[in-house]
Amino acid sequence: MAMRKGLTSKASNKLVLNSAAFQDHIARNLLHPNVLLSDPFLRGKRKAPRRRAEERGLQTRDQQEEREYVLDSAPPPLTLAQKWGLVASPAGRITEDEWTRVKARSVQQGDSAQPCAICREEFCLQPQVLLSCSHVFHRACLQAFERFSGRRCCPMCRKEPYETRVIHDAARLFRHQCATRIQACWRGYLARKRYRKLRKSIWPKDKLLRRKFFEAKLQELNDSFVRYCHTDTEAFLTDINRSLSSSRRVFQQLERKHVSEPQESDWDRIQSQVVQRGVWDCPICLTALCSLSLPTEAGASSHQQRRRTVLLSCSHLFHQLCLEAFEAFSTESRPSCPLCRSAYHKKLI
């Protein structure tokens, strides 16, 4: 009887302990998952990662940026139900070898070269995390997804729970792409610079392009000549025009002084030159003149017969009225021939 009572008390005690263990497990993991954070003992334990972070501050910035580490904190201690085997214990932490295989699978899939599956933007230099299921996301995107969903579930394969590890594969790829683009731009600049230099020294084979090439060369030489001249170009050209006009006036005056009136024999010679030339139009009004060798035809208009012809000493023929109008418009004291610009004597014929 006493033995039966002892067994009954032991069974009831075991049942009470099991119930307490289940209650503790439910309170810690299911109802209040963050209850452990209020434990002062555990809070003191969680200061260790901060001290490790302060110790990492002594390292160089590049080493900190390139170092890969597991982002998850240490797993919570086992509950009483897990210790007694009433509830299955959580899986152990992934080892370094397993992380190596997970990363190799992610590299083979090319996840770091693709945009983030949550925000659909490139990783660039932003923090990047690798999950234990080999999927890669932005660290901020994954944290926002966890806050929104309220659970630790992979956004792609829905695996839970998972562990996260900070990696820098996308940052290295982005730096490599930037370096490649910078090198390509620099090489393109050098190639274009060399090509422009060759175009200045080697003429093209095309005829039109070769003509433009030599025109540009001549223009360059002219510009360099003008640039090295220490005088004003406009003033220099103005002086040349002034000198030419002065010389022209002097020669015209000398020519007019030495022009003598032709004799009758000279007029006959001049008239024969006109007949040999055979020009019977007035150079001013471009109408027909009366012929010197043939009489005026009967069919000619009376107006044309009344327009008398003038022979100049330079052997040019004009209508009298045309020549008088030209002389009236001339600003010189002694006008010159409208054709040869020489001083003249005139004779009505």
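Me: Which residue takes a positive phi in the hairpin of β2 and β3?
Reply: In this predicted model, Ser134 does, with phi near 75°. The hairpin has four residues between its strands.

Me: How many bridges pair strand β2 with β3, and in which sense?
Reply: β2, residues 128-131, pairs with β3 over three bridges in the antiparallel sense.

Me: Which strand do four bridges join to β2?
Reply: That is β4, residues 164-167, and this pair also runs antiparallel. Here Leu131 stands opposite Thr164 of β4.

Me: What is the strand order in the sheet?
Reply: The four strands form an open sheet in the order β1-β4-β2-β3, with antiparallel pairing.

Me: How should I read the two faces of β2: covered or open?
Reply: In a regular strand, side chains alternate between the two faces of the sheet. In β2, Gln128 and Leu130 lie on one side, Val129 and Leu131 on the other, and all are buried, leaving both faces covered.

Me: Is Arg192 buried, partly exposed or exposed?
Reply: Arg192, found in helix α8, has 48% relative accessibility and therefore counts as partly exposed. The exposed class begins over 50%.

How values were computed:
Residues numbered from 1 in each chain as written. Predicted model: local features only at pLDDT ≥ 70, side-chain atom pairs only at ≥ 80, totals over all residues. Heavy atoms only, no water. Buried < 20%, exposed > 50% of the residue type's maximum accessible area, 1.4 Å probe, protein only. Pairing = 2+ DSSP bridges.
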